[in-house]
Amino acid sequence: MSGRRDAHTIVAHDAYDGRHYGAVHTPVYDTSLFAFPTVADMDRADGDTGSFIYSRGNNPTVRALECKLAELEGGEDARCFATGMGAISAAVLASVQAGDHIVCVDQAYGPARRLIGDYVRRFGVEADFVDGADVAAIEAAYRPNTKLLYLESPTSLMFELQDLSVCAASARARGIRTIVDNTWASPVFQRPLELGIDLVVHSLTKYVGGHSDALGGVAIGSAAAIAALSGRELVLLGAVMLPQTAALLHRGLRTLPLRMERHQAGGLAVAAYLESLPFVDRVHCPGLASHPQHALARAQMSGCGGLLSFEAGADRERLARFVDALRCFRIGFSWGGYESLVSLQEGRRSTPRQGVPVVRLHIGLESPDELIGDLAQAFRAAGFVAADARGESAGGGGANGD
Ligand SMILES: *Cc1c(COP(=O)(O)O)cnc(C)c1O
């Protein structure tokens, strides 16, 4: 292939495929198995080289999505899973064995952190957690038996970054595999494989699906790494993606680059608004010039997701009143869909290491001005003073309905 195709083109273009009567969108192969005309054909079939035999292994609808995700990330191959955690657990288990040691960023997604710090312990695998913003701390945590460096950049509550090319080079020099959870930036804004990372994992449940109607995950990397994980963890643990789900996620993927631009614009507008408020202590958003790692964000990402968080005092009750007063943000975990979401969580700052109440906002596809107006009226309702002029002029509350 001549050069890299643009993400907008990759998601929109499917080559003509005579097996599907020229259908422009891959049909749903709603089948558990594939039958053979003769024993000789059955003997020749090889799931490892892509024959369709049984849908816990290979299915054409899932395969179409995998090929497209691999191209978007700049990887040689990809395998999809039932959930993001299905992909993460497969990728981690494929990388270690008894006696090995993992170094993991402290602020990694909670269940991934539990898998690495707790669950794999029963198989004789140990882990240490480090401040991912500090490459020296990562290197200091390496032991002779370290086999995996698990990263998530940015993290999805406090939005701390790791320098991916530096981490990848330092791990590779020691024979340590690197995995990055790239869910926040999506392949539209960050391609860790091109920075030397070995495996990328995503929760497709978030931006890629984009419509809050499907769960999925993917692992992407070299053909050899994906083949190993595909023959063992995918097929043996069995957390495979259903063809119906693959069709939904593939439909979501068609508009991913467009939606990411909108999430980015809305997220930056809301972040700038929050930063202008005197009672907001900190806004955690790598796209803001005030983010301590903004320069790194600009260097290794080409854009910014629309998930961000902020701190406004330590009074959790008052923050809960603020959250309850919002009308345009649904209260819920998860993110990445068309709808704006809010959650009140316990954040942990790496430096100084302390717990703080953090409001996390997912900026959906609604009008940023109306979202800002809603935030302004909720701040007033919760007794935060001095809502800024922009929030007032956007109409305060009430403009948005429920
Ligand atoms: C949601 C999420 C996951 C897990 O994905 P599921 O599809 O829910 O299993 C992993 N990493 C990040 C950053 C997430 O936000």
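These questions and answers cover the sheet and some loop residues of a predicted model.

Residues are numbered from 1 along each chain as its sequence is written, and side-chain values use heavy atoms, without hydrogens and water. In this predicted model, local features need pLDDT of at least 70, side-chain atom pairs count only at pLDDT 80 or more, and totals for chains, interfaces and linings use all residues.

Reader: Which strands stand at the edges of the open sheet?
Author: The sheet has seven strands and mixed pairing. Strands are DSSP E runs of at least two residues, and helices are H or I runs of at least four, both numbered from the N terminus. Two strands pair if DSSP finds at least two bridges between them.

Reader: In which sense do β4 and β5 pair?
Author: β4 spans residues 146-152 and β5 spans residues 177-181. Leu 148 stands opposite Arg 177 in β5. Over five bridges, the sense is parallel.

Reader: Is Phe 159 buried or exposed?
Author: Phe 159 lies in the loop between β4 and α7. Its phi is positive, near 60°. Buried means under 20% relative accessible area, exposed over 50%, partly exposed in between (1.4 Å probe, protein chains only). At 0% relative accessibility, Phe 159 is buried.

Reader: And Tyr 21, buried or exposed?
Author: Tyr 21 sits in the loop between α1 (7-12) and α2. Its phi is also positive, near 55°. With 82% relative accessibility, Tyr 21 is exposed.

Reader: What is omega for the cis peptide bond?
Author: Most peptide bonds are trans. Pro 154 is in the loop between β4 and α7 (164-173). The cis bond joins Ser 153 and Pro 154, with omega about -10°.
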